[in-house]
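Subject: The structure we talked about

Hi there,

Here is the structure for you to open alongside this note. My notes on what turned up follow just below it.

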Amino acid sequence: MSGGTILLLKEVKELETENIHLNRENLADAMEVVRVLIEKGEISSNNSLYEKYMDRYVKEIVDTMGEQWGFEVVKSENRKKIYFSAAYDNILWGYTNERLRSKLKVKNNEELYCHLFALLCMIAQFFTESLDYDLTYLKVEEWEQYVTDKAKAIEETSSAEEDSDDLEIRFSEAAKYWLELPDIKERAVAHQQTDARVGILIRLARVLQEEQLLKLEDNRHIYLTDKFESLLKNHFGMAGRKEEIIGYIRNIDDMEGINSA
């Protein structure tokens, strides 16, 4: 039995102690929902556990566990699935800074910021500021060009560093790191060269694909999954900042023009 499961069992015992009116069947159903979500990451509507989670009391127990242990159950946009989503810095379920760096095979935080910047650029290409879809799929080469254009705009915009600080994201450091990377497109794809711009994007896309957040076809085309859209729109990780961050990236070119006027 994993350490996380033992802790969840302990949490259930505490809940049961605090409220003698809790139904043991509801507790068992809640535990089973959480266990399957941890193991598989999602539960489809054709699974009996999906209906069990929709029960008011089962959902309340699961949500209470999530509040205590740093995870959230997110409903699919099409209402056909529920997803397990861990808080970024949750040591049990999510990625700590060190674990995320290891997963992406980055050496330092500067390189990690660069990956985050590239991911946010991809989101800004797929979604408008109101989080509506703007693309059906994205070509990796268009993603690379978009990141490069935004990085140049940030580097040339005098207010970019201040704006980055306001958003609590180190855009200026990420842009500088990106622009120092070699631009070797075809070779990077063919040889999986990870120190080139496109190579980094492909590596990032593959990590996201492992998490079932997107589909990467032939190292050239990216399709987002329903899971990605659902987590983006409903996950607490960027609560209140998503629209602001996407708007900042989409409009950085206009800011450059204003500052140079």
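Strand β2 (residues 71-75) and β3 run antiparallel, joined by 5 bridges. One place to look is K75, which stands opposite I82 in β3. Please keep in mind that this is a predicted model.

The hairpin of β2 and β3 has 5 residues between the strands, and R79 there takes a positive phi near 65 degrees. Strand β3 itself (residues 81-86) is mostly covered, with 5 of its 6 residues buried.

Now to the helices. Helix α6 (residues 109-126) and helix α11 (residues 197-210) have axes that come within 11 Å and cross at roughly 75 degrees. Angles of 65 to 115 degrees count as roughly perpendicular, so α6 is roughly perpendicular to α11. On the α6 side the contact is made by E111, H115, A118, L119 and M122, and on the α11 side by I200, L201, R203, L204 and L208. Those residues divide into 7 nonpolar, 1 polar and 2 charged.

How is α11 placed in the rest of the structure? It is largely enclosed, because 11 of its 14 residues are buried; among them are G199, I202 and V207. Its length agrees with expectation too: at 1.5 Å a residue, the 14 residues of α11 should span 20 Å, and the end C-alpha atoms are 20 Å apart. Just after α11, Q212 takes a positive phi of about 60 degrees.

Best wishes

Definitions and conventions. Residues numbered from 1 in each chain as written. Predicted model: local features only at pLDDT ≥ 70, side-chain atom pairs only at ≥ 80, totals over all residues. Heavy atoms only, no water. Axes fitted to C-alpha atoms, helices over the stretch in contact; angles between N-to-C directions. Helix = DSSP H or I, 4+ residues; strand = E, 2+ residues; numbered from the N terminus. Parallel < 35°, antiparallel > 145°, perpendicular 65-115°, else oblique. Contact = heavy atoms within 4.5 Å. Nonpolar A, V, L, I, M, F, W, Y, C, P; charged D, E, K, R; others polar. Expected span 1.5 Å × (residues − 1). Buried < 20%, exposed > 50% of the residue type's maximum accessible area, 1.4 Å probe, protein only. Pairing = 2+ DSSP bridges.
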